[in-house]
Number of protein chains: 2
Amino acid sequence: MTIDQTLAAITPQSRDEPDSGIVKAAMYGFTVPGVIPLWAGEGNLPTPEIFARPATEALLNGETFYTWQRGIPELRDALARYHQRTFGRVFSPENFFVTSGGMQSIQTIVQMVAGEGDEILIPTPAWPNYGGALRILGSRPVEVPMDFRNGRWILDLDRLFDTITPRTRAISLNSPSNPVGWTATLDELKAIRDECRKRGLWILGDEVYSRFYYGERGETRAPSFLDICDDEEQVLLANTFSKNWAMTGWRVGWLQAPKALGPAIERIIQVNSSGTPAFLQRGCVAALDHGDAFLAEQVAKARGNRDLVVRMLGDMPGVRFEVPKGAFYLFFALEGMTDGDLTVRRIIDEAKVGFAPGSTFGQGGEGYLRMCYLRDPAKIEEALTRFGDWLKNHRPS
Amino acid sequence: MTIDQTLAAITPQSRDEPDSGIVKAAMYGFTVPGVIPLWAGEGNLPTPEIFARPATEALLNGETFYTWQRGIPELRDALARYHQRTFGRVFSPENFFVTSGGMQSIQTIVQMVAGEGDEILIPTPAWPNYGGALRILGSRPVEVPMDFRNGRWILDLDRLFDTITPRTRAISLNSPSNPVGWTATLDELKAIRDECRKRGLWILGDEVYSRFYYGERGETRAPSFLDICDDEEQVLLANTFSKNWAMTGWRVGWLQAPKALGPAIERIIQVNSSGTPAFLQRGCVAALDHGDAFLAEQVAKARGNRDLVVRMLGDMPGVRFEVPKGAFYLFFALEGMTDGDLTVRRIIDEAKVGFAPGSTFGQGGEGYLRMCYLRDPAKIEEALTRFGDWLKNHRPS
């Protein structure tokens with residue numbers, strides 16, 4: 001068969017979904033020697049041995065059989081302990097479900113709440129995988145663009161609520177946000193909660209970057225739906241071990257949901273992945289129970305790097321951004337840029353620095369670039385020095 | 001919110017999907033001390049250290065970052081080598097895609113070929129997860145029951161082809177089959193291939209048990225679509241490391257597809273799992289390159305156990321079955337049984353033996369029980385002795 005014939009035989013939604021601009025930048029950049037990669041959302045440290053060792057021991061000890069679809073009880077207990085410590089109230093292990101990564105948490109949630117043609121509201125700029133997961137399943141992501149006004153990103157709640165239609169099933173909220181670092185206040189979270197309660201909508205919360213929060217009062221986490229919602233109401237939270245504990249390559253995450261959904265979640269996990277390796281979950285228990293010091297170092301490094309990139313980019317002409325309140329990305333506008341994909345490729349080739357194009361983050365993203373700054377500070381400084389030099393002699397496309 | 005209110009707020013397909021009868025039997029049986037569990041499809045050996053060790057080394061060496069969505073190149077190369085050795089012709093690594101288990105291979109395939117309301121034909125009795133994956137995604141599994149006639153399972157190809165409608169997108173075929181052990185002949189595979197070519201349908205092949213084939217001529221594998229199909233035609237094969245190499249708990253599999261689908265598969269993997277841990281893939285390379293001797297032992301053990309269970313069950317009154325040609329299950333009818341779920345629970349309680357109820361395998365399965373015989377032969381013998389004694393004094397429900 002020809003390529004065209006083969007492609008004509010799959011569903012339109014799987015055929016026509018665009019490639020992620022982050023993946024495209026990375027694939028392009030991998031071929032260019034000497035590039036400093038800042039396109040992906042991960043730090044530069046490997047997983048600490050104290051998290052890895054329990055996993056390797058369990059694997060070598062033969063913990064290699066099918067396991068609990070909801071996750072091993074020890075990990076669900078550890079999740080409850082971690083949340084109790086972090087949020088200052090009691091949690092039940094029965095509200096936690098282990099998944100094969102944050103993306104699979106989102107996939108599971110989408111399969112549970114959105115059928116064909118159902119809509120989920122997503123403030124943008126947003127991580128492109130939300131929309132991708134929905135579109136491939138035949139549901140509809142409805143983008144609600146934030147405004148960048150007076151140097152600040154603002155989510156207009158009236159506009160968000162006005163976008164609700166009879167097909168809307170959920171409001172998705174990523175706070176602190178990838179890519180812009182916007183972080184909802186407790187009042188904003190309450191307003192969203194109240195509207196969702198009134199309209200019978202699900203809240204889909206992505207608080208993956210909750211601990212990467214740069215409050216001015218010594219806070220160790222961002223405001224959370226967990227501060228203001230009941231564990232049995234219509235709230236579904238996707239999370240991951242990836243960012244906090246340098247475990248992107250493990251593909252383990254979790255989701256929090258009302259207990260009543262346990263059987264449905266278990267059935268969906270059964271047909272998505274049939275569970276997450278039990279031996280890997282042993283390492284995740286160690287990360288939760290013994291990872292606070294590592295996490296504190298990660299956050300301190302991210303905060304220092306944020307200040308570094310804010311200072312360096314702040315000195316460059318034609319560059320505009322809001323100082324991010326959370327997560328570990330800088331999302332900056334570049335004056336005169338109309339083709340972000342091309343500019344990203346040119347900066348890779350001409351400056352040997354790898355950004356991600358803003359357009360891949362949906363409405364309001366064109367004209368911007370994203371960099372991840374959870375990297376070695378010396379590499380960040382080198383990368384931005386190169387980029388600053390490039391800006392002096394080149395114009396963006 | 002009440003449980004009913006919460007359940008009313010999710011999609012009907014995720015709410016109403018029945019629990020797998022295999023999972024229900026296992027959950028029930030876990031609570032009863034001393035039961036010999038034969039409900040699940042896995043062997044009793046842990047993963048050999050020669051496969052585990054490269055994974056633990058890679059994990060401890062810090063191979064803990066995001067990785068290729070299609071799988072690491074070394075594993076795709078090893079898959080091509082393994083297939084070349086097993087099927088006696090050249091394969092390209094570009095036709096192989098690594099997944100987080102055979103179930104995720106199926107999930108990826110379904111997301112690619114079946115939209116809302118599309119139909120996929122599935123001969124039954126069949127593993128319940130096929131239907132579950134389709135229903136949860138809003139597609140329609142169409143069961144085509146096989147006949148058990150004169151002591152043999154027969155797939156009536158005319159009936160199969162007559163079931164095709166304008167909404168049919170694919171024929172799914174599991175050979176050797178779980179649960180009945182039916183194995184398609186090369187002529188049957190050709191007839192299905194020709195019909196699919198004529199009607200523009202996809203073949204969804206599950207040849208997971210291909211190596212567990214008990215031919216009488218020293219064959220080392222079952223007849224395969226790979227013997228008669230072009231790698232670029234409309235064939236998608238789901239496979240797994242689980243069964244051949246005692247790696248059920250690893251959750252790593254692969255799928256084979258036309259090269260033209262690479263970008264679509266990569267996008268679906270991105271939003272399903274965002275890839276499979278690279279360090280685990282190192283162990284899978286070792287299984288493919290150094291696992292032939294272990295696999296040969298597994299198959300020899302399965303063949304010996306098959307003969308044992310055939311002999312023991314063959315002596316019991318009211319038990320009927322076909323001697324399976326492949327896989328490692330015995331699917332047997334029990335005279336007078338009208339409620340398989342209840343009978344399974346009673347046999348767990350009263351005989352301390354754990355089977356799976358045939359009804360969970362779809363049309364034609366009621367009245368049967370399934371046992372997995374890739375276990376320690378002494379345990380099998382003990383289990384069937386208990387079951388034989390039970391049969392003397394009890395009647396099935």
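1. In this predicted model, the side chains of strand β15 of chain B are divided between two directions: B:Tyr368, B:Arg370 and B:Cys372 point one way, while B:Leu369 and B:Met371 point the other way. Residues on both sides are buried. In a regular strand, side chains alternate between the two faces of the sheet.

2. The strand as a whole, spanning residues 368-372 of chain B, is mostly covered, with five of its five residues buried.

3. Chain A is divided into two parts: domain 1 covers 3-47 + 293-391, and domain 2 covers 64-289. The centres of these two domains of chain A, taken over C-alpha atoms, are separated by 23 Å.

4. Between the domains of chain A, 34 residues of domain 1 are in contact with 34 residues of domain 2. On the domain 1 side, at least two residues each come from α2 (12-16), α12 (292-314) and β12 (329-334) of chain A. The most is given by α12(A), with seven residues.

5. What is the make-up, by class, of the side of domain 1 of chain A that touches domain 2 of chain A? That side has 12 nonpolar, 15 polar and seven charged residues.

Technical notes: Residues are numbered from 1 along each chain as its sequence is written. Chains are lettered from A and ligands numbered from 1 in the order in which they are written. This is a predicted model: local features need pLDDT of at least 70, side-chain atom pairs count only at pLDDT 80 or more; totals for chains, interfaces and linings use all residues. A residue is buried if 20 or more other C-beta atoms lie within 10 Å of its own, exposed if 12 or fewer, and partly exposed in between; C-beta atoms are placed from the backbone. Helices (H or I, at least four residues) and strands (E, at least two) are DSSP runs, numbered from the N terminus. Domain bounds come from an automatic or database domain assignment. Two residues are in contact if their C-beta atoms, placed from the backbone, lie within 7 Å. Ala, Val, Leu, Ile, Met, Phe, Trp, Tyr, Cys and Pro count as nonpolar, Asp, Glu, Lys and Arg as charged, and the others, Gly among them, as polar.
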